[in-house]
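Colleague: I have this one open on my screen. Walk me through the packing, please.

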Amino acid sequence: AEANQIVERFQSESEGNTVVGVDLSCRQWKQESLDQVETFLAGVAGDVRYLKIDDIIAGLNTDEGLSVTEKLANVFDKADLLEINLNDNAMGPRGLGRVGSLFANSNLQRLYLSNCGLSHHSMIQLHDYIMADNGRVAKSLRELVLDKNMIGAEGAEQVAKFLPHCKNLETFSYRGCRPIKAGTKHIAEGLLALSESTEEPAISHLDLEDCTFGSGDDEDEDAIAPFAKALGKFKHLRFLNMKDGDIGCGGLSLLLDALKTSNARLTDFLLDANGEIGSEGAEMLGEWLISQVTLLRRLHLS
């Protein structure tokens with residue numbers, strides 16, 4: 001009954017209009033409910049550019065959840081989607097392989113995959129989607145959110161492979177993806193390659209909370225040096241989250257030097273839980289703050 005009511009509302013609201021956005025989010029869609037809306041969705045799918053299907057399989061068993069997401073994806077296989085939101089769907093490692101049709105004809109600008117239970121195997125699949133057709137999605141992608149997935153170090157290596165090809169990327173969020181030190185090094189090197197792939201990188205928002213950068217004392221394993229080198233070229237950067245990054249005073253010095261080089265005008269700089277910076281670090285930070293005082297809105301050091 002509820003699905004029928006939704007269809008009636010959709011039909012009423014769309015009458016005489018071109019449907020460019022569909023929002024099915026935050027509602028459990030069982031197979032029988034989806035069957036009732038499928039005809040309407042298929043009728044408008046060709047014009048849809050913005051698709052919100054986040055949090056739609058909560059409470060379903062794994063097989064039914066995967067079946068629902070796959071069926072929905074197939075409805076939009078001909079659509080040139082600009083935005084796909086799949087957040088909070090517990091798809092697991094198999095899930096991303098079921099929604100490939102969403103990428104088939106899309107020139108994606110924004111992709112949200114937060115808290116989807118993705119693994120390093122999923123990142124192999126994502127790499128293939130983004131790099132298909134001579135990097136069609138890579139060329140158009142502006143925002144990529146992969147937060148809170150169990151991607152690990154091996155998955156980070158796959159992400160690092162496609163990052164340099166995303167030359168228009170503005171927002172990259174990788175918070176809580178368990179990269180440990182080895183995976184963080186891969187991500188840092190991917191961002192460095194991105195910074196070197198274009199004269200003026202578009203990056204303005206980096207959320208790398210829980211990535212382990214190190215202080216730079218171990219040049220072979222620490223990620224802070226390649227990351228700082230990339231940061232020196234991100235002059236459009238406004239938001240930087242490096243909470244729980246284990247950078248210490250040495251890493252902080254490299255970060256601040258890079259920000260001076262880029263002349264980035266940060267509004268948000270989050271450095272909580274990064275070890276002891278001591279009086280030397282505090283002095284360096286104070287000197288940097290003087291140059292940022294008119295723009296910086298948030299500085300977190302807890």
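Colleague: Does α8 pass α9 in a left-handed or a right-handed crossing?

Modeller: This is a predicted model: local features need pLDDT of at least 70, side-chain atom pairs need 80 or more, and totals for chains, interfaces and linings use all residues. Residues count from 1 along each chain as its sequence is written, and side-chain values use heavy atoms, without hydrogens or water. A near helix turned anticlockwise from the far one by less than a right angle makes a left-handed crossing, and clockwise makes a right-handed one. For α8 passing α9, the crossing is right-handed.

Colleague: How are the axes of α8 and α9 oriented: roughly parallel, roughly antiparallel, roughly perpendicular or oblique?

Modeller: Helices are DSSP runs of H or I, at least four residues, numbered from the N terminus; strands are runs of E, at least two. The axes of α8 (224-231) and α9 (248-262) come within 8 Å and cross at roughly 15°; axes are lines fitted to C-alpha atoms, for helices over the stretch in contact, with angles from 0 to 180 degrees between N-to-C directions. Angles under 35 degrees count as roughly parallel, over 145 as roughly antiparallel, 65 to 115 as roughly perpendicular, and the rest as oblique. That makes α8 and α9 roughly parallel.

Colleague: How many residues in the contact of α8 with α9 are charged?

Modeller: Contact means heavy atoms within 4.5 Å. From α8 come Ile224, Ala225, Phe227, Ala228 and Leu231; the α9 side includes Leu254, Leu255 and Ser262. Ala, Val, Leu, Ile, Met, Phe, Trp, Tyr, Cys and Pro count as nonpolar, Asp, Glu, Lys and Arg as charged, and the others, Gly among them, as polar. The tally is nine nonpolar, two polar and, for charged, none.

Colleague: How many charged residues sit in the contact of α2 with α3?

Modeller: The axes of α2 (31-44) and α3 (62-75) come within 10 Å and cross at roughly 5°. These helices are therefore roughly parallel. Among the contact residues are Glu32, Asp35 and Glu38 of α2, and Glu64 and Lys71 of α3. With six nonpolar and two polar residues, the charged ones number five.

Colleague: How many charged residues are in the contact of α6 with α7?

Modeller: α6 and α7 (180-197) pack at about 5°, axes 8 Å apart. The contact includes Ala153, Ala156 and Glu157 of α6, and Ile180, Gly183 and His186 of α7. There are seven nonpolar residues and three polar, while the charged count is one.

Colleague: Is the ring pair of phenylalanine 103 and tyrosine 129 stacked, tilted or edge-to-face?

Modeller: Phe, Tyr and Trp rings (six-membered for Trp) pair if their centres lie within 6.5 Å; planes under 30 degrees apart are stacked, over 60 edge-to-face, the rest tilted. The structure holds five aromatic pairs. For phenylalanine 103 and tyrosine 129, centres are 4.5 Å apart and planes at 20°, so the pair is stacked.

Colleague: How far apart in space are methionine 150 and aspartate 257?

Modeller: Methionine 150 lies in the loop between β5 (143-145) and α6 (152-162). Beyond residues up to four places away in sequence, methionine 150 touches Leu118, Ser119, His120, Cys177 and Arg178. Aspartate 257 is 107 residues from methionine 150 in sequence, and the C-alpha to C-alpha distance is 32 Å.
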